[in-house]
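Welcome! Try each task with the structure in view before you read the solution.

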Amino acid sequence: MNICFIGTGYVGLVSGVLFSDFGNNVICVDNDKKKIENLKKGIIPIFEPTLDELVKRNYKSKRLHFTTDIHKAIKDSDIVFIAVGTPSAKDGVSADLKNVYAVAKVIAQNINKYKIIVIKSTVPVCTGDEVEKIIKKKNSISKFDVVSNPEFLREGEAIRDFRYPDRVVVGSNNLKKIRPALEKIYEPIIKKGAKFLTTTRRSSELIKYAANAFLATKITFINEIANLCEQVGSNVDDIASGIGTDARIGSRFLRAGPAYGGSCFPKDTKALTMIGNKFKTEMSVVTSVIKSNEKRKSLLADKILKILGNPKNKKVGFLGVTFKANTDDMRDTQCLKIFPKLLKKGVKISYYDPSGEKKELKRLSCKKNSNEILTNSDLVVIHTEWDEFRSLNFSKIKSKKLKIFDMRNLYQPNSFSNKNIVYYSIGRPFYEKKA
Ligand SMILES: NC(=O)c1ccc[n+]([C@@H]2O[C@H](COP(=O)([O-])OP(=O)(O)OC[C@H]3O[C@@H](n4cnc5c(N)ncnc54)[C@H](O)[C@@H]3O)[C@@H](O)[C@H]2O)c1
């Protein structure tokens with residue numbers, strides 16, 4: 001099958017590479033020339049475990065191509081995936097669809113034979129209708145179908161998630177016609193046990209927002225329970241196991257920590273409230289989740305200030321600054337909201353992140369490894385759950401007092417034999433007690 005992906009970011013690159021790995025001929029398109037030039041040289045624009053090896057292998061085998069020539073890529077393809085970004089618009093809440101509509105206009109100019117246009121970007125319900133209208137202005141409806149096929153992969157686990165998803169959702173108003181082609185390209189995944197769920201296009205669009213909003217709600221719920229645990233002396237990890245083992249609830253996304261962040265949950269929860277507004281339907285649960293999540297970042301900054309006592313000129317070292325482990329994505333990462341409050345109080349912040357130095361944090365000092373953070377800080381904040389932070393070398397700091405605020409509960413509060421360490425975590429007993 002000849003496939004093209006328009007938008008070679010986290011979703012477009014991962015999906016494109018894996019479809020080529022399944023034996024399809026895939027062209028990945030982007031309007032970022034530098035990105036495409038680098039990809040041709042084997043330079044991968046994102047940090048995603050095992051992605052570079054897959055890109056190199058499939059590019060070498062000539063099943064995977066990179067180009068900025070969107071016109072030719074569309075003409076040469078049977079299936080055209082739209083995987084461009086849909087960030088929050090200037091109003092800070094609704095989804096900005098200008099990339100999707102710009103691509104739809106280019107597709108409209110390049111329909112030279114029947115094509116399936118698949119919207120993989122996360123888009124508000126009815127966007128498929130708009131894309132169809134744009135393409136229909138220049139083409140007969142018999143020449144194309146617009147399908148919704150949202151993506152559920154998680155950064156840091158993207159390859160595994162794409163290969164072994166729980167389900168593939170395909171929404172179309174012409175299922176009979178498009179189903180064989182979509183089933184064919186997803187066959188290797190379906191064979192491994194993924195459900196192939198078909199629905200209308202609008203339902204499929206809404207499934208993606210409902211899924212993200214529900215997961216964000218779970219995280220926010222357990223974070224609020226963690227706040228309560230700190231007041232009543234309970235252990236949030238026990239609460240999470242106690243409720244998560246109930247099959248009706250499920251244990252995943254019940255880890256207390258910093259607020260949810262990243263490139264999807266914050267923007268998608270907000271966009272869902274705007275979809276509700278548009279269709280005059282109150283989304284009160286999601287609205288309060290967003291509010292609680294925003295408040296949490298300020299609450300965590302306050303906790304850091306409280307731990308420091310007098311914060312002026314105190315040195316705080318962050319271990320991890322991305323919103324989760326195994327990604328370099330800084331979009332809407334929690335610490336971006338925590339740092340300004342600390343800096344205002346005169347705190348000196350440094351950080352180390354295994355995915356490298358961050359252009360977003362130019363004003364802060366970037367350290368080369370966790371030992372540099374441990375030996376140069378009054379307080380160490382474990383912000384991201386990178387595996388290497390699970391076994392920090394505390395022997396280095398025998399001679400000095402060190403406070404640790406473990407926002408991911410990677411350690412057990414009573415596991416520190418070093419009496420110079422004061423350990424704080426999230427929603428657990430011994431909070432603010434010496435280990
Ligand atoms: N990142 C995730 O974990 C994730 C997971 C599921 C779904 N999604 C959704 O997938 C979509 C893409 O997300 P992403 O994280 O891959 O975004 P991204 O910003 O990493 O990548 C988008 C790419 O599209 C390119 N682009 C934008 N306009 C273009 C145009 N007119 N022509 C060609 N290329 C263009 C950009 O240069 C960029 O490389 C979004 O709607 C997002 O919500 C993302």
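This is a predicted model, and the exercises below walk through selected parts of it.

**Exercise 1. Compare Lys-60 and Lys-62: where does each one sit?**

Step 1. Find the elements. Lys-60 is in helix 3 (residues 51–60), whereas Lys-62 lies in the loop between helix 3 and strand 3 (64–67).

Step 2. Check the accessibility. An exposed residue has over 50% relative accessible area. Lys-60, with 72%, is therefore exposed, and Lys-62, with 63%, is exposed too.

Step 3. Relate both to Ser-20. From Lys-60, Ser-20 is 40 residues away in sequence and 11 Å away in space, C-alpha to C-alpha. From Lys-62, Ser-20 is 42 residues away in sequence and 9.2 Å away in space, again C-alpha to C-alpha.

Step 4. Turn to the backbone. Lys-62 has a phi near 65 degrees, a positive value in a residue other than glycine.

**Exercise 2. Find what the backbone angle phi is at Asp-332, and where this residue lies.**

Step 1. Read the angle: phi of Asp-332 is positive, about 55 degrees, although the residue is not a glycine.

Step 2. Locate the residue. Asp-332 is in the loop that runs between strand 9 (315–319) and helix 13 (335–344).

Step 3. With a relative accessible area of 35%, Asp-332 is partly exposed.

**Exercise 3. Work out which domains the chain has and how they meet.**

Step 1. List the domains. The domain assignment of the protein chain gives domain 1 (2–199) and domain 2 (209–291).

Step 2. Note their separation: the C-alpha centres of the two domains lie 29 Å apart.

Step 3. Look at the contacts. Here 17 residues of domain 1 are in contact with 12 residues of domain 2.

**Exercise 4. Explain why the ligand is said to lie between the domains, and describe its shell.**

Step 1. Consider who contributes. Domain 1 and domain 2 both give residues to the shell around the ligand, so the ligand lies between them.

Step 2. Survey the shell. There are 26 residues around the ligand, and the closest are Asp-30, Lys-35, Thr-86, Glu-155 and Lys-267. By type, the shell divides into eight nonpolar, 10 polar and eight charged residues.

Step 3. Trace polar pairs. An N or O atom in the side chain of Lys-35 is 2.6 Å from an oxygen atom of the ligand. A polar side-chain atom of Lys-267 also lies 2.6 Å from an oxygen atom of the ligand. For Asn-31, a backbone N or O atom is found 3.3 Å from a nitrogen atom of the ligand.

Step 4. Judge the cover. Taken alone, the ligand exposes 830 Å², and the protein buries 88% of that.

Step 5. Name the elements. Those that give two or more residues to the shell are helix 1 (10–21) and helix 5 (98–109).

**Exercise 5. Describe two buried acidic residues, Asp-268 and Glu-230.**

Step 1. Begin with Asp-268, which is in helix 11 (residues 265–278). Asp-268 is buried, with a relative accessible area of 2%.

Step 2. List its contacts beyond four places in sequence: Asp-268 touches Thr-122, Lys-208, Tyr-209 and Asn-212.

Step 3. Move to Glu-230 in helix 9 (residues 201–232). Its relative accessibility is 17%, so Glu-230 counts as buried.

Step 4. Follow the side chain of Glu-230: it reaches the backbone nitrogen of Gly-427 at 2.7 Å.

How values were computed
Residues numbered from 1 in each chain as written. Predicted model: local features only at pLDDT ≥ 70, side-chain atom pairs only at ≥ 80, totals over all residues. Heavy atoms only, no water. Helix = DSSP H or I, 4+ residues; strand = E, 2+ residues; numbered from the N terminus. Buried < 20%, exposed > 50% of the residue type's maximum accessible area, 1.4 Å probe, protein only. Contact = heavy atoms within 4.5 Å. Near = heavy atom within 4 Å. Polar contact = N/O pair within 3.5 Å; in protein donor to acceptor, adjacent residues only side chain to side chain. Areas by Shrake-Rupley, 256 points an atom, 1.4 Å probe, with all protein chains shown as cover. Nonpolar A, V, L, I, M, F, W, Y, C, P; charged D, E, K, R; others polar. Domains from an automatic or database assignment.
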